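Please open the structure in your viewer and keep the selection tool at hand.

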Amino acid sequence: MDKTSTRLSLPVSPREFGFYVNGAFVPAGPREVFSRNSPGHDVPVTLIPKCTADDLDMAVSVARTAFDDRRWSGLNGQARAAVLLRAGALIRERAEEIAYFETLENGKPISQARAEVGGCADMFEYASGLARSLHGDSFNNLGDGMFGLVTREPVGVVGIITPWNFPFLILCERVPYILASGCTIVAKPSEVTSATTLILAEILTEAGLPDGCMNVVTGSGSTIGQALIEHPDVDMLSFTGSTAVGRRVVEAAGRTNFKKLGLELGGKNPQIVFADADLEDAADGVAFGIGFNTGQCCVSGSRLIVERSVADAFAQMVRAKFARVVVGDPLDEATQIGAITTDAQNRTILSYIEKGQAEGARLICGGEQMDFGRGQFISPTLFGDVTRDMAIAREEIFGPVLTIMPFDTIEEAIAIANDTEYGLAASVWTKNIDKALMVTRRVQAGRFWVNTTLAGGPELPLGGFKQSGWGREAGIYGVEEYTQVKSVHIEIGKRSPWIG
Ligand code: TXE
């Protein structure tokens, strides 16, 4: 990890990981091992065990015991908060290592990975306060003979399945809140980006989390992931990924134990720009909203909806921004857009670019596979002459591909924005408060940005409307999601008899 000028070097050899159960790494041993190549360089960077169904059963049984014997849920909030605070500090201490492996496995720029890891430490620090403030309710208005309590209890063993686009961030939007509630965890990261989830498990043990409360099984979605969603001893499952697999998660829960579900699925998020916006700000925000993480964000602003009077000029402003964005080696500190994370995703994005042209959309800029040695890179792409029925306007591409559609009235802008099965996020750019509020009220999305985009932090909840998912993560909502509510009626004095 030597630093030469502003570019980190590649590892000399791939780092070998075990999976993590009961407070310790389990070496791969006789199991098959997955060798992950960096998408920015196509060299092997990590070796990850392919766990078996028995490994998963072992991890779930360890998490079950750790929950049932109350070694974690039985502690007071102060003790849980202390562990979460220490974990935040340890993430900060190991931030460079975490960011490095995040970049190597995912292909995102190192500067971005560093910022994300800082945000993740913040999640732990914030959630530590929630571990102490989590509480229920009381009813003192039930008459002199009755007192009512509402308590919150941890749901139990929580399975977490995460995707490859933000392996550490998505994990840290969940883990500290789940632990704050008193639950125990079995996490399954994406098979291509497992390293930082394993590092987090090690950090939590060092921070004082009792053994068995955070376990990580690694391997494919179709084997380990499927076994986790079907597992009868998992009480709740938090899934982030494609809508197709989200559907399987719902079906599996219905077939097995009706486990509680949290789902964060796809998005096709609108960016609505009015003519009265600060167009320079808006163009920069729109370029960021689709360029950040190479557009591989569930909340990427992929549908640009612009007031007709400025639509052409605004398209040129976005194009000029795209021309100046630095695409390149993820290990270079100057890079703003890195590599596409998987071969399959690279092919998917390129096929949508072809499809857009075949459907009659006009390629304004980008659309090419870029050549930076052995990695896979796609230039930021802008399509004009897009209609609402085109696949590029309807389907989640999950790449740096932006479509523009003009509108004439605010009603039309709202209608276009809502013309999607998804409802994850939306942005509106205007200096008119009435327009901003009207759009914010009427566009269906779980997260909204006004005159900015992709802002976030530990306080505000995340999650989707419509087919973008169920439930909310982060904020006080994120802890409550992992609790169940119990109501308690307490008789005061002598009970009036049923049989006299
Ligand atoms: O997702 P998958 P993929 C979208 C995006 C992308 C597409 C495919 O459009 O192009 O999904 O990405 C695990 N049972 N999003 O293939 O397959 C898998 O191992 C249980 C949007 O990576 O959904 C991984 O850990 N688990 C999204 C996780 O599910 C299974 C982020 C996600 O993989 C499983 C990612 C199964 N049968 C992709 N099959 C967002 N909204 O952020 C797979 N998995």
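The tour visits a sheet, then the ligand, then a single residue.

The model is predicted, so local features need pLDDT of at least 70 and side-chain atom pairs count only at pLDDT 80 or more, while totals for chains, interfaces and linings use all residues. Residues are numbered from 1 along each chain as its sequence is written, and side-chain values use heavy atoms, with hydrogens and water left out.

**First stop: the sheet**

Select the seven strands of the open sheet, whose order is E17-E20-E21-E16-E15-E23-E24, with mixed pairing. Strands (E, at least two residues) and helices (H or I, at least four) are DSSP runs numbered from the N terminus, and two strands pair if DSSP finds at least two bridges between them. Strand E17 (362–365) and strand E24 (447–450) stand at the edges; each has a single partner strand, so one side of each lacks a neighbour in the sheet. From one strand to the next, the twist averages 25°. Axes are lines fitted to C-alpha atoms, for helices over the stretch in contact, and angles run from 0 to 180 degrees between N-to-C directions.

Next, select E17 together with strand E20 (residues 381–384): the two pair in the antiparallel sense over three bridges. Within E20, Leu-382 is the bridge partner of Cys-365.

Helix H11 (residues 308–324) lies across E15, E16, E17, E20 and E21, at about 135° to E16.

**Second stop: the ligand**

At Leu-265, a backbone N or O atom lies 2.6 Å from a ligand nitrogen atom.

Select Asp-235, in the loop between helix H8 (221–230) and strand E13 (236–240). Leaving aside neighbours within four places in sequence, Asp-235 is in contact (heavy atoms within 4.5 Å) with residues including Arg-64, Val-157 and Lys-259. The C-alpha atoms of Asp-235 and Lys-259 are separated by 5.0 Å, although these residues are 24 residues apart along the chain. Finally, display the side chain of Asp-235: one of its polar atoms lies 2.8 Å from the backbone nitrogen of Val-157.

Note on methods. Polar contact = N/O pair within 3.5 Å; in protein donor to acceptor, adjacent residues only side chain to side chain.
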